[in-house]
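Today I opened my notebook to look up strands, rings and sulfur links in a protein. Come along and check each entry against the picture.

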Amino acid sequence: MPRPRLALIGALLGALVTPLSLSTPAIAAADRSVVVTDKGAVRGSVTDAGRAFHRIPFAAPPVGELRWRAPRPAAPWTGARDATVPGPECAQAGSPELHQPRVTNEDCLYLNVYTPASRLPDRPVMVWFHGGGFTAGSANPYDGSALASRGVVVVTVNYRLGAFGFLAHPALSGEDRRLGSGNYGTLDQQAALRWVRANAAAFGGDPRRVTIFGESAGGVSVCAHLASPLTGGLFSRAIVQSGPCNLLPRTLPDAEAAGERFATATGCQGRPDVPACLRTRPAGAVLDATGDSETWAPTTGTPVLPVDPASAIASGAYHRVPTMAGSNLDEGTIFAALTEAGGVPLNAATYPAVLTGLYGADAPRVQARYPGSAYGEDYRLALGAVLTDSLFACPTWDLNRSLARSTRTYGYEFADRTAPNLYGVTPGFPLGAYHAAELPYLFRFQGLPLDPAQLRLSDQMLSYWTRFAAGGDPNGGPAPRWQPFRPAHPTVLTLDLGRRVNGYDFDARHQCAFWATVSSGTMGAANIRSLA
């Protein structure tokens, strides 16, 4: 189906080993809170439920001369590094609508590790890439202890965001002919995967069984690693949550043009040495120059990502590992809520204008398919349904069809409309199973408890996810059997509080045949910048 325009989606989603002193391994052997990595020992937290290690550096701070360069190895240290406190977030502009603060810190290439309580070896490893439209978020809110309690090692990763992570510019591309520019955040993630390969065993993990997973921009990141020639052998399974692979692609010419606009905004364009000038700009000035209309995301047509992930997977030219991919029943409701929070009320007068911004000449056809009358004249719900189907449900359906032609694939739809609200926005309409609503069922968030029925669903989801990480098949135990997605029999498992069934009518319910005929336009009205 046609791809939405980048400005819209960007606005919406908004090996060196150093020997240690002889005393350090002895400490680690006697103390379960200490683990020896290839750069030094780390001391984490231990409870009866498991162990947690925070703020472990997997690369050198990307500051000064290392800004807008591929990540370099972290420096070794002596003694046991304190790993009990989460590290800082990466620089990001923040979001007034979501009550997210502005961050100017660039020293942020850290990861967190969660392990089961027992120290058995060779456990599956799950590496999490957070969402946030490639402009916001961090690894820290994602408490992996619930997943780890199922016998896996969980790693959550920070990566550079916005212009810091995804700036492309001809002068930067010329600095590094081997890797080019525009994918520094993606390279950070790959550096983290190499760290996992080197250090998983020290935490009880099996470096041969690594599952990469992520939601929203994190799901798109998983797509990038499926297609990148640089990630071969670094993972053996993949899970894409609400991040269909055609979401937020950028070509190198478009990305470099955006980079030149950025350099102009900083006063560096036209200087004899543009990269050197850019590296002198304070982090706050970089954030000020990024602009709300630019899209920051992985850049295709580069050595890191030669072909956009959706095309690579459709052609079979990707790392063929067992894959799970899914979306949520009401993905678009939070986008509708944030559209209003950003100053665009949705009503009978504005709904057609918003659709025109999204779909151009096809807007009347879209409105006819999704009239306000079908949603009780609540145009927030109408727009939510439009965005759910066009941006998430149908592209994920297409992704699963492409994957199933060449690898074992499992499709799902999260459908619990009672999910707790992750966002700092309380709209006057039901969000339902909104974008990111599945996250509290896999991770534990402070202040977001689940009721008994939700905990039962969480229990089944944790079982599916960790069994898949262990062997590439989510089935086993008392959970309902999850049928694989096959081109001839495309089934999508519904994850809900009640009946969980393998559905055969997903594409019809989300009107995917219609969306395959719709062209996309631009959206200038909404000012939504970052989501989980």
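**Entry 1: strand E10**

I started with E10, which pairs with strand E13 (residues 323-328) in the parallel sense over four bridges. Before going on, I noted that this is a predicted model, where local features need pLDDT of at least 70 and side-chain atom pairs count only at pLDDT 80 or more, while totals for chains, interfaces and linings use all residues. Residues are numbered from 1 along each chain as its sequence is written, and side-chain values use heavy atoms, with hydrogens and water left out.

My terms here: helices (H or I, at least four residues) and strands (E, at least two) are DSSP runs, numbered from the N terminus. Two strands pair if DSSP finds at least two bridges between them.

I found Thr 323 in E13 as the bridge partner of Ala 238. Ala 238 in E10 also has Ile 212 standing opposite. Strand E9 (residues 205-215) and E10 pair in the parallel sense over five bridges. From E9 the chain crosses through helix H7 (residues 217-227) to E10, and this β-α-β crossover is right-handed (with the strands pointing away from the viewer, the path from the first strand over the helix to the second runs clockwise).

Is E10 mostly covered or uncovered? Five of its five residues (237-241) are buried, meaning under 20% relative accessible area, with exposed over 50% and partly exposed in between (1.4 Å probe, protein chains only). Arg 237, Ile 239 and Gln 241 point one way, Ala 238 and Val 240 the other way. I remembered that in a regular strand the side chains alternate between the two faces of the sheet.

**Entry 2: aromatic rings**

How many aromatic pairs does the structure hold? I noted 28. Rings of Phe, Tyr and Trp (its six-membered ring) pair if their centres lie within 6.5 Å; planes under 30 degrees apart count as stacked, over 60 as edge-to-face and the rest as tilted.

The pair of Trp 397 and Phe 506 is stacked, because the ring centres are 5.7 Å apart and the planes are at 15 degrees. Trp 397 lies in helix H15 (residues 379-404) and Phe 506 in helix H17 (residues 506-509), so the pair ties together parts that are 109 residues apart in sequence. Trp 397 and Phe 506 are buried.

Tyr 410 and Phe 468 are edge-to-face, because their planes stand at 80 degrees, with centres 6.3 Å apart. Tyr 410 is in strand E14 (residues 409-414) and Phe 468 in helix H16 (residues 452-471), 58 residues apart. Tyr 410 is buried at 2% relative accessible area, and Phe 468 is buried at 0%. Tyr 410 and Phe 468 belong to one aromatic cluster with Tyr 412, Tyr 464, Trp 465 and Trp 482.

**Entry 3: disulfides**

A disulfide is a covalent bond between the sulfur atoms of two cysteines. I used the rule of a pair of cysteine sulfur atoms within 2.5 Å, and the count comes to four disulfides.

Cys 90 and Cys 108 have their sulfur atoms 2.1 Å apart. Their S-S torsion is about 95 degrees, so this disulfide is right-handed. Cys 223 is joined to Cys 245, S to S 2.0 Å. There the torsion is about -80 degrees, so the disulfide is left-handed. Cys 223 sits in helix H7 and Cys 245 in the loop between E10 and strand E11 (250-251), 22 residues apart.
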